[in-house]
Amino acid sequence: MTANDIYASLGVKRRINAAGTLTRLGGALMAPEVIAAMAAAARASVDIAELQAAASRTIARITGAEAALVTTGAAAALTLGTAAAMTRWDVAKMAALPHAEAFAHEVIIPRTHRTGYAHAFAAAGARLIDIGHNDRGTGAGVRGLEAWEIEAAITPRTAAFAFAANIESVKDLPTVVAVCRERGIPVIVDAAAQLPPKGNLTRFIELGADLVAFSGGKAIGGPQASGILAGRRDLIGAALVQQIDMDVAPETWSPPELIDRAKLTGVPHHGLGRGFKAGKEEIVGLLAALERFVSADDAATNSALEKRLQAIAAALQGARGVATRIVPASVTGRVPVIEVAIDPGAAGCSAIELSGRLQKGDPPVHLSERFTARGVLTVDPQVLQPEDDAALAAAIRRALG
Ligand SMILES: *Cc1c(COP(=O)(O)O)cnc(C)c1O
């Protein structure tokens, strides 16, 4: 059965995705060997905690972290990491979550790091404490995060520091680490979509982050509902025990070493993370995808993508009100893209109107709307299938009338 067949049988349209690894479009597409690994994993019983311990070893080797676990996405990783930072090995605190008012439960977050995903920290029961200014963002000033404002926000109630990594914000990470480490406050980095470049798999750990979250279903090319939490062994262990099935007999429970039974104050029940349980298929699929992602030749991948983008740009030559520009990976920091600038006067529609038309077309086509405020639609080729390249260009020409 093909992808077309399965979706057609459900009455769901297949879409041309030149918008990137968006969750609402199903994220990454998996390579045949990743699919094969998941299918094979589906056919035998294993101890999930033992499998997570194996995943920890593989991810630790690749990221340089002490330990790691596979979650159901980066958002789940952030929630589990926050839970671990609040509870450590205390079973009573694990049992209390998400009601954490009785112990340290504040997560400090810079205003400039407040993405929609900050909800994932709060979901563990934490209270978010906003700090700092959005000086640069508003164009009113030039300053970023400063040590004194972090120090001023830390109290005995502080459980963790939330840091949203990107190409700009990362320069503040050493300051955050320096202030927080001295005071025993774990720094949790949201690096969900900071791949490629694959150097970022090790970068935030190297810079001193205690925990880092990555999406498995974006650039890594793993199952859509997978993610990674990597970092300090004690925090990963405390996160894992709150994720796995704990309907166990204490007499026969034999957790992997990652879970430090000597430090645990008892045998926990199902934890806050039960709703984020990763299956054997996701764990194995994520590992297969991660191995493939790190061994890929980025330069070769990007030059092949650039060739395809040149052909798409050439097919758009002369289209009404449209100017294209290929932005190389060295500039985007990820993959090469085409910026399609729309001149509303000549095109008869704005960038966002064109995007709306494309999404309603047959087949529906999605371009990235990230830069529509400056009149640009972006062709992001991360998930674009080569056989759709010509149809994509034709759809844009058609939508322009
Ligand atoms: C995608 C994303 C997430 C959520 O990742 P999932 O793997 O979909 O849970 C969190 N933070 C940022 C910045 C993201 O881009």
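1. Start with the ligand: one of its oxygen atoms sits 2.6 Å from an N or O atom in the side chain of Ser-215. That falls under the polar-contact heading, meaning a pair of N or O atoms within 3.5 Å; inside the protein, one must be able to donate a hydrogen and the other to accept it, and residues adjacent in sequence count only if both atoms are side-chain atoms. Keep in mind that this is a predicted model, where local features need pLDDT of at least 70 and side-chain atom pairs count only at pLDDT 80 or more, while totals for chains, interfaces and linings use all residues. Numbering runs from 1 along each chain as its sequence is written, and side-chain values use heavy atoms, with hydrogens and water left out.

2. Two further contacts of this kind are worth a look. A ligand oxygen is 2.7 Å from a side-chain N or O atom of Lys-218, and a ligand oxygen is 2.9 Å from a polar backbone atom of Ala-75. On its own the ligand exposes 380 Å², and the protein buries 81% of that (areas by the Shrake-Rupley method with a 1.4 Å probe; for residues, only the protein chains shown count as cover).

3. Who else surrounds the ligand? The residues around the ligand are Thr-23, Gly-73, Ala-74, Ala-75, Tyr-117, Asp-190, Ala-192, Ala-193, Ser-215 and Lys-218, with "near" meaning that a heavy atom lies within 4 Å. By class that shell has five nonpolar, three polar and two charged residues; Ala, Val, Leu, Ile, Met, Phe, Trp, Tyr, Cys and Pro count as nonpolar, Asp, Glu, Lys and Arg as charged, and the others, Gly among them, as polar.

4. Now the seven-stranded sheet. It is open and mixed, in the order S2-S8-S7-S6-S5-S3-S4. Strands here are DSSP runs (E, at least two residues), as are helices (H or I, at least four), numbered from the N terminus; two strands pair if DSSP finds at least two bridges between them. S2 (67–71) and S4 (127–131) are the edge strands with a single partner each, so one side of each has no neighbour in the sheet. Neighbouring strands are turned by 25 degrees against each other on average, direction ignored.

5. Within that sheet, S7 (211–215) and S8 (227–231) pair antiparallel over five bridges, and Phe-214 has Ile-228 in S8 as its bridge partner. Helix H11 (233–241) packs on the sheet, touching S2, S7 and S8, at about 30 degrees to S2. Contact means heavy atoms within 4.5 Å; axes are lines fitted to C-alpha atoms, for helices over the stretch in contact, with angles from 0 to 180 degrees between N-to-C directions.

6. There is also an open antiparallel sheet of three strands, S9-S10-S12. The twist averages 25 degrees from one strand to the next. S9 and S10 (337–342) pair over six bridges, with Arg-325 opposite Glu-339 in S10. Helix H13 (298–316) packs on this sheet, touching S9, S10 and S12, its direction about 170 degrees from that of S9. Helix H16 (351–359) lies across S10 and S12, at about 45 degrees to S12.

7. Last, some backbone details. The Leu-195 to Pro-196 peptide bond is cis, with omega near -15 degrees, and Pro-196 and Pro-197 are joined by a cis bond with omega about 10 degrees. Pro-196 is in the loop between S6 (187–190) and H10 (200–206), and Pro-197 is in the loop between S6 and H10. Elsewhere, Arg-88, in the loop between H4 (74–87) and H5 (91–96), has a positive phi near 50 degrees despite not being glycine.
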